[in-house]
Amino acid sequence: GGGGGGKKGGGGGVELAWRRRILLATSVVGSMMAIVSFNPPLESVLGLTGAVGGCSLVYVFPGLFYNRALSSKGGSKLALALASGGALLGVICAVSILSS
């Protein structure tokens, strides 16, 4: 059973899929940057979304998921502290963005 280097059928289908994904991601990010450049009030909306979403993804959700995974053992105070600290950090970032 040979590998083939990760390409389907020798036609480069996987390579084309990756190029298409990279092109799509680049065009989405580029268009968002263009919209923000020409519409400054939208900058604060995107910043607020990034602050709240980023803190949730990095701090709040992992802490809550870990606490839920250990719920049969009584949970974890450290996980709840991580989630609470992340929520507080999200509020601080949101207030900072709204005040600027």
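The model is predicted, so to speak, with rules attached: local features need pLDDT of at least 70, side-chain atom pairs count only at pLDDT 80 or more, and totals for chains, interfaces and linings use all residues. Residues are numbered from 1 along each chain as its sequence is written, and side-chain values use heavy atoms, leaving out hydrogens and water.

**The chain as a whole**

- The protein chain holds three helices and zero strands, where helices (H or I, at least four residues) and strands (E, at least two) are DSSP runs numbered from the N terminus.
- Along the sequence, the pattern reads α-α-α.
- Of the chain's 100 residues, 14% count as buried; buried means under 20% relative accessible area, exposed means over 50%, and partly exposed is in between (1.4 Å probe, protein chains only).
- Among contacts between residues at least 6 apart in sequence, 46% join residues at least 24 apart, with contact meaning heavy atoms within 4.5 Å.

**How H2 and H3 pair up**

- The axes of H2 (residues 40–69) and H3 (residues 77–99) come within 7 Å and cross at roughly 175°; axes are lines fitted to C-alpha atoms, for helices over the stretch in contact, and angles run from 0 to 180 degrees between N-to-C directions.
- H2 and H3 are therefore roughly antiparallel to each other: angles over 145 degrees count as roughly antiparallel, under 35 as roughly parallel, 65 to 115 as roughly perpendicular and the rest as oblique.
- By class, this contact of H2 with H3 has 18 nonpolar, six polar and no charged residues. Here Ala, Val, Leu, Ile, Met, Phe, Trp, Tyr, Cys and Pro count as nonpolar, Asp, Glu, Lys and Arg as charged, and the others, Gly among them, as polar.
- Residues on the H2 side include Ser 44, Gly 47, Leu 48, Ala 51 and Tyr 59, and those on the H3 side include Ala 83, Gly 86, Gly 90, Cys 93 and Leu 98.

**A closer look at H3**

- H3 has 23 residues and reaches 33 Å from its first C-alpha to its last, close to the 33 Å expected at 1.5 Å a residue; the expected span is 1.5 Å times one less than the number of residues.
- Its buried residues are Ala 79, Ala 83, Gly 86, Gly 90 and Ala 94, and what covers them includes H2.
- Leu 98, also in H3, counts as exposed at 58% relative accessibility. Its C-alpha is separated by 7.5 Å from that of Leu 48, 50 residues apart along the chain.

**The cap at the start of H3**

- Ser 76 lies in the loop between H2 and H3 and caps the N-terminal end of H3, with a side-chain oxygen 3.4 Å from the backbone nitrogen of Leu 78.
- Ser 76 is buried, with a relative accessible area of 15%.
- Leaving aside neighbours within four places in sequence, Ser 76 is in contact with Tyr 66, Asn 67 and Leu 70.

- Ala 51, in H2, is buried with a relative accessible area of 10%.
- The C-alpha atoms of Ala 51 and Gly 90 are separated by 6.1 Å, although the two are 39 residues apart along the chain.
- Beyond neighbours within four places in sequence, Ala 51 is in contact with Cys 93, Ala 94 and Ile 97.
- Ser 56, also in H2, counts as buried at 18% relative accessibility.

Methods: A polar contact is a pair of N or O atoms within 3.5 Å; within protein, one must be able to donate a hydrogen and the other to accept it, and residues adjacent in sequence count only if both atoms are side-chain atoms.
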